Amino acid sequence: MRSIVYYVREFLRPEWLRKFFLVKTAPLETPSYFKDYPSLTGKECTACFSCMMICPAPNAIAVLRRQDRWEPEIYRGHCIRCGLCVEACPEDVLASGRILDTTHRDRTAFSSWYHLEVDDTLCMRCGNCCVSCPVNRQVDPQLAGTGTSASDEVVMRVEGGRVRILHEEKCTGCKTCEINCPNRAIRVARMVEGVQEEAEA
Amino acid sequence: MSILQDIKNAVRSRSIHVSYVDVGSCNGCDIEVLACLAPRYDIEQYGIYVHNNPREADVLLVIGSVTPQWVDKLRDIWEKIPEPKVAVAIGNCPISGCVYARKGTLTTPPVENYIPIAASVPGCPPRPTEILSAILSVAPLIFKDYEEKQR
Ligand code: SF4
Ligand code: SF4
Ligand code: SF4
Ligand code: SF4
């Protein structure tokens, strides 16, 4: 009996009722500097696709053609909010948290290039890669069907019985060579490096 | 009857029991769910209680991108939860497979293919606040006037 009275008294205390029915802490707000899904700043997108290429999550971002302009679209449920696309975009089309402020302040950016690698144990020196490369075709229209070339300006050529890469920096990353290689011997990789400009003294 | 229903509504809105199941995630979302229990977010002050017994649960938080071994077990767990019940997908994994949605990975997202999902909280991982507000907004929708809706 005494314990029933005790419990009834305990549960009828206004303090207990208030705490039971009402939330004690103020609603937690997400601070504005938190990284969120990237939003559009309204600047013009040049459709360079840097954002799509750097995105680590599958199908998270697509640069779409709208009526009269290009526009990146972020897909929730796919995007992991890493913010890499914001950093990679050269035109500041995207914004998220204070990433843009930081990259502007520190003058950081991403530089990218394409790295070509031929696995000599797989390559059978057919020359398909050198022949199919559109850059090669433009530099040296006389490029032979075997992949040999008299020009030193081609991206790669068959030289002394093996594929030699001469001008990696001219590669546009089209991967035509990869598609045309019968042995998957040549690989094209997009390399990205974070760079920082010297701060002004 | 409606007074009884009102009492039920009031009690249910302050007593939401949550069970969570990880069907193949990286554990990031599990940690965010656990962070909801910590004093910083304190999920219990909203009347949400976490304990991992599906038979006691109202809300099932599904985490992870569903590996094939989990498919039948996830259905079993869903069957065990008494009505009224609701499943919430936490994180990108149950929605799209997130970073596991690639060729050659042993996952079969989305989780909607196996059990009905009432709400999803995207994010990799979602913030505890987002998980909290999702539970708080979806649970009353399903549980309010449940008995009257049945008739
Ligand atoms: S924030 Fe990261 S995951 Fe999301 S779209 Fe940008 S690069 Fe992709
Ligand atoms: S959003 Fe930026 S990075 Fe992406 S395509 Fe447009 S300009 Fe390039
Ligand atoms: S990726 Fe394209 S441009 Fe680069 S080497 Fe191959 S074919 Fe040539
Ligand atoms: S296409 Fe492939 S196999 Fe043929 S030369 Fe080029 S890398 Fe070698």
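Which side chain makes a polar contact with the side chain of B:S25? I looked this up in a predicted model, where local features need pLDDT of at least 70, side-chain atom pairs count only at pLDDT 80 or more, and totals for chains, interfaces and linings use all residues. Residues are numbered from 1 along each chain as written, chains are lettered from A and ligands numbered from 1 in written order, and side-chain values use heavy atoms, without hydrogens and water.

**Entry 1: B:S25**

I found the partner: the side chain of B:D30, at 3.2 Å. A polar contact is a pair of N or O atoms within 3.5 Å; within protein, one must be able to donate a hydrogen and the other to accept it, and residues adjacent in sequence count only if both atoms are side-chain atoms.

B:S25 counts as buried because its relative accessibility is 17%, and buried means under 20% relative accessible area (1.4 Å probe, protein chains only).

Beyond neighbours within four places in sequence, I listed the contacts (heavy atoms within 4.5 Å). B:S25 touches B:D30, B:I63, B:G64, B:S65 and B:Y100.

**Entry 2: ligands**

I turned to ligand 1. Its surroundings include A:P38, A:C55, A:R81 and A:C85. A residue is near a molecule if one of its heavy atoms lies within 4 Å of it.

Ligand 2 has 13 residues around it. A:C45, A:C48, A:F49, A:C51 and A:C89 come nearest.

**Entry 3: confidence**

I noted a mean pLDDT of 88 for chain B, with 99% of its residues at 70 or more. pLDDT is the predictor's confidence in each residue, from 0 to 100. For the complex, the predictor gives an ipTM of 0.82 and a pTM of 0.79.

Definitions and conventions:
Buried means under 20% relative accessible area, exposed over 50%, partly exposed in between (1.4 Å probe, protein chains only).
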